[in-house]
Amino acid sequence: MPFPRIVPSALWLVLHLTAGPCRRGALSASRAARGATEVCDKGNVTASPCCAIPGGTNVSLSCQLAAPWGWCWAAIFLNGSEQIRARGGSVSQTLLLAAHGTHHFTCKCICRHRTKLVCGIDIQCGSPPDEPRNVSCIQKGTRGHPTCSWHKGRLTYLHTAYGIQLSNGTDAFSFPEETPSQAFGSGALSKLDFGSNYTVVVSASNQLGNASSQPLTFTLIDIVKPHPPDFWVEFDDSSATSCTVWWHHEAQARHCRLRYRPLGRHSWSTVESSSRQKYPLQGLEPDTAHEFQASCRLLPGRGLWSDWSSSQGSTPAAVPRGTLDVWYRLQELDSGHQNLSLFWKALSRSEAGGRILGYTVTLEALEQGELPAQSQSHRTTRTSLSRVTPRAAHRVTVTAHSPRGSSVPAAVLTLPGSPDLPPPQRVSAAGLGNSSILVSWSPPAAPALPVGGYLVEWAEPWREPHLQPQHSWVKLPPSRLAAVIAEHIRDNVCYQIHVSALYQDRAGQAAAVRGNSTAQAPAAGPQMFTTPWASGVLVSWEEIPAPQQRGCITGYHIYLHRKDGQGQPEVHAVPAGKAPRSLHLPHLEPGEHHELWMTAATAAGEGPRGNSDSVCLESAGGWVTLVLLCSFFVLSACLCSVPPARRVFQWLLSLLLPQWQSKAIPDPANATWAKSLAAAKAELSAPSSPFLPGGFEEPETSPVEESPAQPEPPKPGDELVVGSAGSRGHGHWARESSAEEPELYRRLVVEAMEPPEPVAEYISSPGTLAPEPAPEPEPSPLSVFPSAFLPPALCCQGNLTLDRVKLSGSSFPR
């Protein structure tokens with residue numbers, strides 16, 4: 001094997017054989033006041049200072065290997081964490097120890113990838129002991145052994161020894177701590193006697209210092225705590241509010257205390273007694289289960305109280321000794337009946353004598369004239385009763401019943417408030433917060449009867465009937481002119497309060513006021529409605545829902561603002577309680593657009609705006625014209641429905657209309673050409689035998705033929721109606737457009753004068769015609785009056801049969 005490879009292998013073998021026994025040897029503590037060294041087989045560790053130090057101390061550490069280890073390292077570790085390493089077999093470093101507790105320092109040898117422990121040392125970082133506090137000594141029972149205890153203070157993180165030094169003035173005794181703990185210490189003393197004074201001092205010491213408590217001086221009587229006494233309770237059926245407590249305790253215990261309470265309550269009633277056998281208790285609640293506890297000590301004012309011993313028992317029931325507080329409400333139903341609602345407050349447990357089984361209500365109608373008094377009784381388990389009674393004054397009595405008897409009847413007269421019994425004056429309500437309201441008033445002005453007291457009633461308005469609490473009221477003596485009401489009062493709710501004066505059990509007129517304990521600004525605005533009225537607008541609104549009022553509404557604000565945005569809005573203030581809830585805003589400019597909205601306010605401030613509405617008043621001229629036109633047509637229709645008035649109206653219209661409107665329409669049969677044609681035809685077809693004039697036989701009628709010629713289309717709106725005149729063959733035509741009459745007749749005459757056909761085909765029988773033709777009237781504008789009011793336009797004189805006239809279809813509008 002080559003030499004370069006043999007030498008390293010040999011060196012490694014030597015190091016391995018020498019490092020094998022590198023383990024912790026026996027500790028040889030060479031501790032100095034400021035330092036200590038731990039010596040081991042393979043090296044040593046030195047720490048200065050050591051080995052108990054206060055927190056925040058710098059510690060110098062050094063590690064020395066027993067023999068050089070060649071290429072190995074010497075390293076210092078703190079709590080398993082490497083701090084420093086060096087070659088050459090030794091290493092040192094200074095570290096700051098701030099954390100309290102035990103710190104482990106070790107020296108190790110590191111060769112290649114292997115680490116061997118050389119030696120180690122522990123350093124404890126802590127504090128000196130605090131002064132023991134709250135030293136007390138106690139002896140349980142007169143035959144026990146006294147024990148002292150104390151509070152150690154902060155944790156020292158060092159071993160600390162505690163001891164008790166006891167002295168009676170001549171001798172001194174030491175007692176070690178028993179069952180040590182971190183926070184408290186205790187130790188037992190030897191048996192003491194009642195005739196000596198003792199002083200106790202508790203001492204504490206560790207490596208960083210010593211401390212002692214303040215001395216405690218006592219006698220055995222002061223530290224003896226007797227055992228809880230044995231006792232029992234006796235009840236007497238003749239008294240439901242008292243009992244007798246009997247107890248047995250240690251012979252030396254001469255002072256005891258008793259406490260009792262109904263089961264379920266938190267507060268106790270406590271009494272003390274120096275009797276050694278019994279004690280009578282008073283003021284218990286009848287028919288109620290009670291808890292009793294007792295504790296004793298040796299002498300009054302000296303010694304320690306024993307622990308409480310407990311017992312339970314129930315008092316018997318008793319006859320109710322309280323009187324019910326009764327009141328009523330009247331509601332008129334009709335002229336002869338009323339609804340009488342009675343309310344009363346339940347008695348307290350002590351006043352009721354126990355459990356109340358029910359109530360008896362007696363209604364006695366007072367005599368009125370010759371009617372005798374009537375009485376009726378009702379039983380109920382509730383604290384209210386409603387009955388429909390005749391409209392009369394009643395005397396009401398209410399009695400409570402328990403298993404042991406009945407209460408004294410409570411009487412009240414149900415009379416409506418009389419006008420001669422005035423109400424209190426200057427009634428006011430102020431919120432006090434904490435669900436209470438202060439109500440104050442002044443005496444009535446010049447009452448006819450002396451005031452026997454006052455009645456204050458309150459209720460929450462607008463609440464659902466099934467959520468309405470029981471009727472709340474309080475009766476006060478005449479000397480009281482104020483009351484703080486807190487029963488069934490909630491914050492941010494408005495209450496209706498009534499105050500009445502009582503006159504010989506009769507209630508006078510009531511004075512009303514609203515009040516709240518606390519208030520906030522309303523959560524919403526009122527719902528507003530607007531209606532144009534006269535020259536302005538009528539604004540009405542609904543009440544804000546009660547949950548959103550959040551107190552008593554003090555007023556409303558109506559804002560009126562022009563929509564053009566010019567200027568500030570007008571504000572109209574309306575106090576709360578105004579009935580009806582409406583306000584008329586006059587003198588608005590017609591044609592201008594206005595925007596309106598409302599807010600409500602409480603004592604806490606103004607709430608948000610409600611809905612808004614736009615208002616614009618129309619001009620008065622248009623309305624006047626429309627009203628006049630409607631009035632004229634209505635008057636005209638009424639007048640024309642009466643025949644005499646219609647004839648007068650037609651005569652007036654004939655004077656106002658143009659003259660041609662009243663002239664008759666010319667008849668074509670009276671024209672000159674028609675007369676000549678009729679005469680020629682008569683000569684040709686005259687019969688052989690003469691007849692009287694007009695006695696000719698009527699010829700056979702021929703159908704009317706329509707000419708194919710269409711010179712011009714008809715004008716819209718024109719209509720010609722053709723009909724038969726009966727067996728004589730007389731006919732007439734009517735028109736709907738009077739303005740087209742002249743043109744229609746003009747075309748008719750022109751076509752009739754054309755001779756394309758024989759004359760015999762046109763005229764069969766001549767008639768007697770007027771010598772002069774009617775002049776053509778000028779066309780007139782369309783009349784605004786109905787045709788029923790106009791005089792006849794056609795004068796039907798002479799005869800013209802349509803079977804003798806051939807008319808062209810173009811002459812008539814289609």
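A disulfide here is a pair of cysteine sulfur atoms within 2.5 Å. The structure is a predicted model, with local features needing pLDDT of at least 70 and side-chain atom pairs counting only at pLDDT 80 or more, while totals for chains, interfaces and linings use all residues. Residues are numbered from 1 along each chain as its sequence is written, and side-chain values use heavy atoms, leaving out hydrogens and water.

By that cut-off, the count comes to seven disulfides. One of them joins C63 to C107, with an S to S distance of 1.2 Å. C63 sits in strand β5 (residues 57–65) and C107 in strand β9 (residues 101–111), so this pair ties together parts 44 residues apart in sequence. Strands are DSSP runs of E, at least two residues long, and helices are runs of H or I of at least four, both numbered from the N terminus. C63 and C107 are both buried, where buried means under 20% relative accessible area, exposed over 50%, and partly exposed in between (1.4 Å probe, protein chains only).

Next come C256 and C296, whose sulfur atoms are 1.9 Å apart. Their link is right-handed, with 95° about the S-S bond. Here, too, the cysteines are tucked away: C256 is buried at 2% relative accessible area, and C296 is buried at 1%.

C494 and C552 form another disulfide, at 2.2 Å from S to S. The torsion about its S-S bond is about 95°, so this disulfide is right-handed.

C109, by contrast, has its closest cysteine sulfur in C111, 3.6 Å away and too far for a bond. C109 is buried, with a relative accessible area of 1%.
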